[in-house]
Amino acid sequence: MNDKINILLIEDNEADVGLINFYLKDAYQHNYLLSVAVRLSAGLELLANNDFDIIIIDLTLPDSSGINTYKEVYAAAAEKPIIVLTGYEDESVGINTVKLGAQDFLIKGKIGSKSLHRSINYSIERSKLLKSLSENTRMLEEKTADLLREKQKLAEAQKLAHIGSWELNIKDGSFTCSDELYYIFGLDPKECEITYELFLHYIHPEDKSFVKFVIEESVKDLQSFDFFHRIICQQQQIKTLHARGELLLGKEGTILRIVGTEQDVTRRKKEEQHEQLAMVAIKSYNAVTIADQEGKIEWVNEGFTKLFGYKLEDVKGTYGEILQRAGTELSIEAGFYKSLRKKKKPLSYENKNYSKDGNVYWVLTSLTPILNDKGKVEKIISIDSDITKQKNAEQELIIANRIAE
């Protein structure tokens with residue numbers, strides 16, 4: 001039995017092919033098979049003769065371009081999960097392909113091992129889940145023993161992917177949802193019942209009108225919906241959810257039911273934010289540190305090492321007291337960290353530090369709190385800008401003024 005993921009990549013840029021293959025190796029080691037087609041026609045031929053687990057396509061190819069590229073691949077393999085590759089200028093096209101049935105889209109230049117691995121796994125699991133949901137919708141009316149087994153499989157799949165499903169009956173207004181949706185909202189399915197009104201109640205106040213508008217427009221235009229929104233769950237925890245929904249129509253085109261899914265993507269969104277923050281910090285010429293909520297250093301960038309001469313292993317787990325030559329005492333910055341945790345707002349101050357070789361550096365330090373979903377400080381970002389020349393000039397001016405007096 002072959003447990004390797006069988007991937008079809010339709011991409012004509014050799015550099016992009018090499019980069020994606022590199023990320024796949026990093027994410028899956030040798031547990032994947034990659035087939036590459038540089039033209040749409042070659043890709044369609046491979047699809048006709050092979051069974052792929054997932055398809056990754058670039059919309060701009062020598063023999064096809066734009067949304068039509070996706071439509072042709074989808075027509076040839078509608079049952080397979082598809083990930084679309086776009087450039088920065090084509091992000092809206094990627095969003096449109098998702099509306100047409102693509103599981104995800106990735107922007108070239110922002111792809112990494114983690115994001116590619118996450119997108120592939122997410123797309124495969126979501127494709128399986130949607131197929132399972134479609135099958136279970138039909139079986140709900142049959143009330144057979146097979147339904148119970150399928151519902152159990154569905155619950156396990158939803159738990160694995162943190163996806164809850166719901167269904168709204170337009171005719172009688174009844175609202176049903178899976179146990180996983182209860183858990184996402186911080187509720188116990190044995191203790192309460194989620195109605196459509198309660199479902200809307202938990203949506204973040206700033207997102208509530210937007211969610212209502214999207215669903216109402218979807219019903220009006222007879223179109224599916226796909227968007228992100230926040231909720232405030234029972235424990236006052238803020239979560240980010242990815243909502244998708246389909247309209248089930250009757251023979252006369254009237255809406256019978258709305259079937260939707262809500263996936264908890266809070267951790268995924270936070271990881272993306274941290275990755276973006278890390279990329280900015282790495283490229284910064286200033287000294288950047290990331291500390292825990294108490295101020296203990298967890299990470300420093302290259303700019304920190306160039307300015308002060310200390311590497312991560314020299315300061316990790318400390319409060320940076322070595323920079324003030326404070327011995328085992330707490331850094332003089334401890335008071336600023338305490339104020340930051342209390343007010344949860346960025347602050348700046350000037351500070352004198354010593355490099356490893358004994359040089360004195362004046363720096364302008366900016367502290368920024370990173371809050372968790374409960375509003376508490378989770379990380380502290382510190383950026384030190386070298387203002388030594390400015391401070392020396394100020395001292396020289398003071399001395400000159402005194403001599404003049």
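Lys80 counts as partly exposed, at 22% relative accessibility; the term covers the range between buried (under 20% relative accessible area) and exposed (over 50%), with a 1.4 Å probe and protein chains only. The structure is a predicted model, in which local features need pLDDT of at least 70 and side-chain atom pairs count only at pLDDT 80 or more, while totals for chains, interfaces and linings use all residues. Residues are numbered from 1 along each chain as its sequence is written, and side-chain values use heavy atoms, with hydrogens and water left out.

Lys80 has a charged partner: its side chain meets that of Asp51 in a salt bridge, at 2.6 Å from N to O. Here a salt bridge is a side-chain nitrogen of Lys or Arg within 4 Å of a carboxyl oxygen of Asp or Glu. The pair links distant parts of the chain, 29 residues apart, with Asp51 in the loop between helix H2 (40-49) and strand S3 (54-58) and Lys80 in the loop between helix H3 (67-76) and strand S4 (82-86). Helices (H or I, at least four residues) and strands (E, at least two) are DSSP runs, numbered from the N terminus. Asp51 is exposed, with a relative accessible area of 54%.

What does the chain look like as a whole? Its secondary structure comes to 14 helices and 15 strands. Of its 405 residues, 41% count as buried. Among contacts (heavy atoms within 4.5 Å) with a separation of 6 or more, 51% are between residues 24 or more positions apart. The accessible surface comes to about 23000 Å², and 52% of this belongs to carbon and sulfur atoms. Such areas come from the Shrake-Rupley method with a 1.4 Å probe, and for residues only the protein chains shown count as cover.

Two strands pair if DSSP finds at least two bridges between them.

Axes are lines fitted to C-alpha atoms, for helices over the stretch in contact, and angles run from 0 to 180 degrees between N-to-C directions. In H2, the residues Leu40, Gly43 and Leu47 are buried. These buried residues fall within an arc of 60° when seen down the axis of H2, so they line one face of the helix; the arc is that of the directions from the helix axis to the C-beta atoms. They pack against S1, S2, S3 and H3, whereas the face turned away carries the exposed residues Glu45, Ala48 and Asn49.

A further open sheet of five strands has antiparallel pairing and the order S7-S6-S10-S9-S8. Its edge strands, S7 (175-177) and S8 (225-232), each pair on one side only. From one strand to the next, the twist averages 25°. Strand S6 (residues 163-169) is joined to S7 by three bridges, and Trp166 stands opposite Cys177 in S7. Helix H9 (residues 208-221) lies across S8, strand S9 (238-249) and strand S10 (255-264), at about 150° to S8.

How many salt bridges does the structure hold? There are eleven. Asp16 in helix H1 (residues 14-28) pairs with Lys108, with the closest N and O atoms 3.0 Å apart. Both belong to a network of salt bridges that links Glu11, Asp16, Asp58 and Lys108. Glu350 and Lys391 also meet, at 3.1 Å from N to O. Glu350 lies in strand S13 (residues 347-354) and Lys391 in helix H14 (residues 388-404), so the pair ties together parts 41 residues apart in sequence. Glu350 is partly exposed at 42%, while Lys391 is buried at 12%.

Glu350 also touches Val363, a residue of strand S14 (residues 360-371). Val363 is buried, at 0% relative accessibility. Its other contacts beyond four places in sequence include Leu307, Phe308 and Ile387. Tyr349, another contact, is 14 residues from Val363 in sequence and 8.5 Å away in space, C-alpha to C-alpha.
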